[in-house]
Amino acid sequence: ITLTYFLNYLTESSFYKTIPYLSKLNFSHIIGILLIISLLSVFFLKTYIKNKIINAKDKSYSDSFLSFIDRDKIGIAILFIISIRVGEFLLHAMVPVFLVDLGLKEHYGWISGGVGLPASIVGALLGGFIISKWGYKKTGFYLLLFQNITNLLYMFVAFYLNNLLAINTNNPNPEFMGNFNLITIASIVGIEQLSAGVGTAVLTSYLLKVCMKEYKT
């Protein structure tokens, strides 16, 4: 907790903002980097951690942790867990700004909550159904392909409404795009969130797959 407060204070300080290149990394970026370093450390120090855990007092937790990291190709598994949602994570960071630049600040609430959220829930249920019916090995790749290929829809919108982007970016009185374009963008958000829900089902299934049965909870 102390480290978190320190990093947050540091990234908000005027001194930090004057440091070239490093100042482009905000608080969430640094936390993400530290988490990746921690995971890599677990991989490279697996033997050392194993020896420490064997003599730990809390055997239930230590045994579950050890069962996860003490296996062949765990490094590849952890890398897959990290990367499986990277594209979606980066997209979610850009979509709100993108929609605001299109002049949809007033509509973002109902598009996100009224269209995107239900679609993501339906996607998770749909993905879980597909995996349970046809199996993870047969469907995982295609579901992840669906998750990522729908991101290209935003690229289509950027090209299609390029002139509107140029007019409305940083414009306090943005020009309305029309009902047809508004419905189109809301539909794209819904489709993308549906695919994101499908990706969540794939990730959850994979996490259950790589865990030992007795420690799935």
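**Helix packing and ring pairs, question by question**

Mentor: Let us begin with two helices, α9 and α11, whose crossing is left-handed. Please keep in mind throughout that the model is a predicted one.

Trainee: Why are α9 and α11 described as roughly antiparallel to each other?

Mentor: The two helices pack at an angle of about 160°, with their axes 10 Å apart. An angle over 145 degrees counts as roughly antiparallel, and α9 and α11 are therefore placed in that class.

Trainee: Which residues of α9 and α11 make the contact?

Mentor: On the α9 side they are Leu153, Tyr154, Phe156, Val157 and Tyr160, and on the α11 side Phe180, Asn181, Ile185, Ile188, Val189, Ile191 and Glu192. Sorted by class, the residues of this contact are 10 nonpolar, one polar and one charged.

Trainee: What makes α5 roughly antiparallel to α11?

Mentor: Helix α5 covers residues 74-83 and helix α11 residues 179-210, and their axes come within 11 Å and cross at roughly 160°. Since the class of roughly antiparallel begins over 145 degrees, this angle makes α5 roughly antiparallel to α11. The contact is formed by Ala77, Phe80 and Ile81 of α5 together with Leu203, Tyr206 and Leu207 of α11, and its residues divide into six nonpolar, no polar and no charged.

Trainee: How do you know whether phenylalanine 80 counts as buried, partly exposed or exposed?

Mentor: Buried means under 20% relative accessible area and exposed means over 50%; phenylalanine 80 has 26% relative accessibility, so it counts as partly exposed. This residue of helix α5 is in contact with Tyr136, Leu144 and Tyr206, if we leave aside its neighbours within four places in sequence. Phe80, Tyr136 and Tyr206 also form one aromatic cluster.

Trainee: How many aromatic pairs does the count come to?

Mentor: The count comes to six aromatic pairs, and one of them is formed by phenylalanine 129 and tryptophan 134.

Trainee: What makes the pair of phenylalanine 129 and tryptophan 134 edge-to-face?

Mentor: Their centres are 6.5 Å apart and the angle between the planes is 80°.

Trainee: Why is the pair of phenylalanine 156 and tyrosine 160 called stacked?

Mentor: The centres of these rings are 5.7 Å apart and their planes stand at 5°; planes under 30 degrees apart count as stacked, so this pair is given that name. Both residues belong to helix α9, residues 152-160, where they are four residues apart, about one turn of the helix.

Trainee: How do you know that phenylalanine 156 and tyrosine 160 are partly exposed?

Mentor: Phenylalanine 156 has a relative accessible area of 46%, while tyrosine 160 has 45% relative accessibility.

Trainee: Which residues make the contact of α7 with α8?

Mentor: Gly127, Ile130, Ile131 and Trp134 take part from α7, and Tyr136, Lys138, Thr139 and Leu143 from α8. By class, five residues of this contact are nonpolar, two are polar and one is charged.

Conventions. Residues numbered from 1 in each chain as written. Predicted model: local features only at pLDDT ≥ 70, side-chain atom pairs only at ≥ 80, totals over all residues. Heavy atoms only, no water. Axes fitted to C-alpha atoms, helices over the stretch in contact; angles between N-to-C directions. Parallel < 35°, antiparallel > 145°, perpendicular 65-115°, else oblique. Contact = heavy atoms within 4.5 Å. Nonpolar A, V, L, I, M, F, W, Y, C, P; charged D, E, K, R; others polar. Phe/Tyr/Trp six-rings, centres within 6.5 Å; stacked < 30°, edge-to-face > 60°. Buried < 20%, exposed > 50% of the residue type's maximum accessible area, 1.4 Å probe, protein only. Left-handed = near helix turned anticlockwise from the far one by under 90°.
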